[in-house]
There are 4 protein chains.
Amino acid sequence: MSIPGKMKAVVLVGPDKIELKEVTVPKPGPVDVLIRVESVALCGSDVGLIKSPFPGQPPYGEFIIGHEYSGTVAALGETVDEFKIGDRVTVEAHNGCGRCRNCRIGNYTACLNYGNREKGHRANGFTTNGGCAQYVINHINTVHKIPDHVGFDEASLATNLGCVLYGFETMGGFVAGQTVVIIGPGPIGLSASQAAKALGAGKVILLGTRDSRLEIAKNTGIDMVVNIREKDAYEVVMNETDGIGCDYAIESSGTGPGMETAIKITRKQGKVLLLGFPHKPFPADFENLSLNNKHILTVRGEGWANVGRAVSLLDKKLVNLKPLVTHTFPIEKIEEAFYTFNNRIDGAVKVVVKPQGRQNENSTFNCNT
Amino acid sequence: MSIPGKMKAVVLVGPDKIELKEVTVPKPGPVDVLIRVESVALCGSDVGLIKSPFPGQPPYGEFIIGHEYSGTVAALGETVDEFKIGDRVTVEAHNGCGRCRNCRIGNYTACLNYGNREKGHRANGFTTNGGCAQYVINHINTVHKIPDHVGFDEASLATNLGCVLYGFETMGGFVAGQTVVIIGPGPIGLSASQAAKALGAGKVILLGTRDSRLEIAKNTGIDMVVNIREKDAYEVVMNETDGIGCDYAIESSGTGPGMETAIKITRKQGKVLLLGFPHKPFPADFENLSLNNKHILTVRGEGWANVGRAVSLLDKKLVNLKPLVTHTFPIEKIEEAFYTFNNRIDGAVKVVVKPQGRQNENSTFNCNT
Amino acid sequence: MSIPGKMKAVVLVGPDKIELKEVTVPKPGPVDVLIRVESVALCGSDVGLIKSPFPGQPPYGEFIIGHEYSGTVAALGETVDEFKIGDRVTVEAHNGCGRCRNCRIGNYTACLNYGNREKGHRANGFTTNGGCAQYVINHINTVHKIPDHVGFDEASLATNLGCVLYGFETMGGFVAGQTVVIIGPGPIGLSASQAAKALGAGKVILLGTRDSRLEIAKNTGIDMVVNIREKDAYEVVMNETDGIGCDYAIESSGTGPGMETAIKITRKQGKVLLLGFPHKPFPADFENLSLNNKHILTVRGEGWANVGRAVSLLDKKLVNLKPLVTHTFPIEKIEEAFYTFNNRIDGAVKVVVKPQGRQNENSTFNCNT
Amino acid sequence: MSIPGKMKAVVLVGPDKIELKEVTVPKPGPVDVLIRVESVALCGSDVGLIKSPFPGQPPYGEFIIGHEYSGTVAALGETVDEFKIGDRVTVEAHNGCGRCRNCRIGNYTACLNYGNREKGHRANGFTTNGGCAQYVINHINTVHKIPDHVGFDEASLATNLGCVLYGFETMGGFVAGQTVVIIGPGPIGLSASQAAKALGAGKVILLGTRDSRLEIAKNTGIDMVVNIREKDAYEVVMNETDGIGCDYAIESSGTGPGMETAIKITRKQGKVLLLGFPHKPFPADFENLSLNNKHILTVRGEGWANVGRAVSLLDKKLVNLKPLVTHTFPIEKIEEAFYTFNNRIDGAVKVVVKPQGRQNENSTFNCNT
């Protein structure tokens, strides 16, 4: 595989301003691989940092965005024998410094040296260059092989599922036979619904407000989806649980009412998992929490190597992320891709960009290439 | 449902001596139900206690054996509204005293008042009368509703699966994407193989010496079964795990060589789960354990209400125990049933006895009635 | 020890109306003991339920209040050999039903049959008669022997410490070498400060607004107490933790600002423990929680038998609750006792009532009788 | 602080052959510090690898031994701001590769690239040069600041205590109020006894066969020490636990009888912690383990950063390791030091070597310099 000197990359050049530029292909360090990117999925965080910079972000004009991607290994760092050239891979975003208190005991997504490149921290697409480009450098800790039958588009969503599974691990991980309610059928909520089912949950109930998204869940085998504009969430959950409440409530809407519902529908001694990132404080019923011994657990990123588990579930076809990829665009159409994603054009859920330019420029195309 | 005054029951009348007797149908106490037994599965423990008494066992001549059974609720104790007459149910064996240090924090299978009926402990088929009879009394904590589509024969094996799931919970429960090796394809090992798969394990490898049992595993979807008379267990596992070893080794053969293998094939920081009950001390490589930070976890019974999870997995058809029920007999043929079970006649795995006598006496019949 | 037929008891006769009445001494059931009460501590919950009834409360005119008490065993239920007459004991409030999903696995303070006496649930002083009386019945699961050198007054506070220790267990329990910040120097916060120290915490910082209470903490060996009216809590904690934040923040003020501070001062991947019972919803910075992978854990009561641990820490003199008992009154002065407690007269922290009437009526007296 | 070009070091030159040599002072890499060693404690592992090489050991003639040491920071790697020159520090042995499955999630003492220096693994004194020298290089992850009042000799034992605390964390860490029995009063067992006490254990019982070592325990406040040549271990423990057995049994004798005792004395659902490294397989009663739901947990090294906790306990004076340092020698007397340690001359427990040569050569001297 010959590697060109130059490549196309989506560079953030200023607030609210991205540009497709030609830049130098980077070289992997001793513990890195160079990945030839095939698919990169847009994420709400991309939208956020384009709008106003995130902490530790590289300078405008240099910063290549994109943190959910997949591709093939194109070159190896000098100490790397964990991968070989040509391996099909997906990635996770966070590589911890390895030397702070949190990283030392494995909590690398909560690295205390976040954004400190010199000390070893990297979060591609956040604090170091990302994968919305034809090539990208990844520390090997952030790279996972994918099986042949898992397409690049689906694989580019593995981080979503990794976050979800990190959440499950945080909650104890043993949902077999339990009732899990998911609030918010976005990419994370849809992934969480399938993950709950894959791990043997007794009942999986997905609550949302958009029928198109609830429909996607149904098509992936989630039996009970409820439009909470039509039915009362609390009543539904109580009916399904003999009035006890659910064992786990997973909040992935990132909203105050979502959290309010989550706290309310959880049974005594149950757990609320916060998978969304709410943007401002909102009132919460802490009396309900404490009187009923309910806990709130959170997730930052795809910790504890759960992208590896995610790939395994895709491998076994226990989770199917393909229906979440509603649109794909060549990298040249990056603006249209973001427009489609932001405005949920044609029911867009996940929009995937294809940096290798082998697509027909004039149409979106099927994700399962 | 009219309840007769008398019933048939298999009574242990002396060492190695059981008799089908007519006895009085018992009456449920305030927190009990009376179950009309449809299926009772024979277990190695039955064989053991018939041979020589277990601690806390009721007197010869009174003791009705049998601890794995299913049936329908026939009468309710005065405070019971958790069940209603006619509910199809399966059971678990252990009801803790509720007042010892272990029971108080939920570890009822390790009750410190084991065998002390006055203080509330009961283990049907061990320290109180069991279900190898037409009727049996169960404390409601030991009763679980089963869905209509789960047959009584399969349901009578739920305790096996409950033990397995208690083991998984003890190990942390989050085997998604992990490699699980099971040693010994008996009823517990076969259940464990399926449970590992159902909970999203990345690889499930079953090791055994009898092809007929390994074949049953294959038929229930376990991809990799290995006859260790033909292949070296250590080599197989190392090949499948890039030389690292498995994440979890589940010993269910109850033998010294089984435990030796389990310790050897587990990766550094991995866990060995002892699901079998070895009968005498045997040498173990504790240096391997400590140098490699491997842990040995054990299971006593179907703790932490895991029979509930078991029923859920049967309900979802994520585990299929039907192929384990190789033979059924009417209760009148109890001797033949034990003979078949003990001598593994015709590849017997689980042998189920039917107390309600509605079968053709002259033949075994299909378990999925 | 002869037991009289009648006894003095503080009965709740209507909203905001308690009366010292003469009532019949109750008789213990099969798994109960009768306790001759020596000391009963007033608690904020008593104040709450006197004002307006709590769920499951016995009828006005019958309900004897009081849930934090100690005394001697005066009579035994027929199956009880765990205690003997004359044993000095303290209690915990919650006895679960033993048959709901939560109780079965040991979570009895979150019993799903709360208030259902018929099914076995009891919470003395909440849903069954309490200990603000000369005698009281307790299920043996709620009784703990105390060593001779632990006074009844101090022992009556064991439940407070039990709640705290249940919280520590919920957080993982291994605070050795960690930084623990406690917010709110009430009885629970003062107990938590000492418990953190007793369990080997590296730094214990107590934040409060009342110097008199902070002073009590100092006298029990808490090195760092901070009046947050004088210093900024966030700055103090960051200074003490190299800018990282504390490992555990324990909120025991029950206020919105307390929770706000707790969330803010906790390090990435740290834990917030909610020990207070906030009475109305208030805004919380969930973005801080999720971006930083912080968890909120709660405590309902003195779960998982932690009153046993509490007694052990008192026995070892690792925790000293005596300085929290600022006032004692004979039971005849129950109104004055509540007045002193409610209005924090003379810096009242815990007020203890003495039902056995052997005190000088005209003065408060030393608690370590 | 001027650093010389050459230094004294104890080099392993062949099987059973160490030499005090003059070698070049090494230079720290980007994430390292250079430590000027003040105290290095001899350990059974040193004795083992001198006798026959351990896996991954550097070549004879180059390998500087010693893995338990303390000193002052003499030089900093280019990215290091976590320490400054002159900091008093102690160390831990293991620095994981940071890239294998185990290291990624914090299990660095179980690194799958053990001995692979190129991939980043180092275990000073095992697979890279150790601290039985005047200077040594340490990755900053293996360095911990110590307070002024903790002497270098005591601090050199921090790894022992770190191993113990890692074991406690592995067991759950919440021994408050529990009964802990320690078998084997060597350096690890003596440390474990004190740690159990420091973490609030209800009862700490130390079993051993040498009165001199049991005496040391007594002098550090361990109430109950038992010479099992005089009393039966099982009886003692049963007497102290109302016949239930201990909650935690810590095996630190590394012997078969020690493990046999540990399994026997543990209560149902209790845990056995294996802190010793037994050298050959021995029979164990697995039936006792499985029938009683007991678990065996192990420790490899001082994982999960527990040396940090160890230093904190020394700082708080909750653990006192000084009495364990029975002898000190200047580095020139390394042979005598080993002779004393191996043959337990004059009741030697821990023998500390002083590389900076400022001691009177002709006598041992007090450790608390």
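Me: In strand 16 of chain C, which residue is the bridge partner of Pro283(A)?

Reply: The bridge partner of Pro283(A) is Pro283(C), in strand 16 of chain C. A strand here is a DSSP run of E with at least two residues, a helix is a run of H or I with at least four, and both are numbered from the N terminus. This is a predicted model, in which local features need pLDDT of at least 70 and side-chain atom pairs count only at pLDDT 80 or more, while totals for chains, interfaces and linings use all residues. Residues are numbered from 1 along each chain as its sequence is written, chains are lettered from A and ligands numbered from 1 in the order in which they are written, and side-chain values use heavy atoms, with hydrogens and water left out.

Me: How many residues of chain C are in contact with chain A, and what area do the two chains bury?

Reply: Contact means heavy atoms within 4.5 Å, and buried area is the accessible area (1.4 Å probe) that two parts lose on being put together, summed over both. By the contact rule, 40 residues of chain C meet 40 residues of chain A. The two chains bury about 3,600 Å² between them, with 56% of it on carbon and sulfur atoms.

Me: How many salt bridges and polar contacts cross between chain C and chain A?

Reply: A salt bridge is a side-chain nitrogen of Lys or Arg within 4 Å of a carboxyl oxygen of Asp or Glu. Two of them cross the interface of chain C and chain A. Asp247(C) forms a salt bridge with Arg101(A), and their closest N and O atoms are 2.6 Å apart. A polar contact is a pair of N or O atoms within 3.5 Å; within protein, one must be able to donate a hydrogen and the other to accept it, and residues adjacent in sequence count only if both atoms are side-chain atoms. Between chain C and chain A, 30 residue pairs are in polar contact, both residues being at pLDDT 80 or more.

Me: Which element of chain C gives the most to the side that touches chain A?

Reply: Several elements of chain C supply at least two residues each to this side, including helix 2 (101-104), helix 4 (158-171) and strand 15 (266-274). Helix 9 of chain C gives the most, with five residues. Ala, Val, Leu, Ile, Met, Phe, Trp, Tyr, Cys and Pro count as nonpolar, Asp, Glu, Lys and Arg as charged, and the others, Gly among them, as polar. The side of chain C that touches chain A divides into 20 nonpolar, twelve polar and eight charged residues.

Me: What is found between chain B and chain D?

Reply: Here 40 residues of chain B are in contact with 40 residues of chain D. The buried area is about 3,500 Å², of which carbon and sulfur atoms give 55%. The rule finds two salt bridges across this interface. Asp247(D) forms a salt bridge with Arg101(B), with the closest N and O atoms 2.7 Å apart. Helix 9 of chain B gives the most, with five residues. Strand 16 of chain B is joined by three bridges to strand 16 of chain D (residues 282-284), and the strands run antiparallel. Ala284(B) stands opposite Phe282(D).

Me: Where does the salt bridge of Glu92(D) and Arg104(A) lie?

Reply: The closest N and O atoms of Glu92(D) and Arg104(A) are 3.2 Å apart. Glu92(D) is in the loop between strand 6 (88-91) and strand 7 (94-95) of chain D, and Arg104(A) is in helix 2 of chain A. Over all chains, the structure holds 72 salt bridges.

Me: Which strands stand at the edges of the open sheet in chain D?

Reply: The open sheet has three strands in the order 2-1-4, with antiparallel pairing. Strand 2 (17-24) and strand 4 (63-64) of chain D each have a single partner strand, so one side of each is left without a neighbour in the sheet. Strand 1 of chain D (residues 6-14) pairs with strand 2 of chain D over eight bridges. Within strand 2, Lys21(D) is the bridge partner of Ala9(D).

Notes. Pairing = 2+ DSSP bridges.
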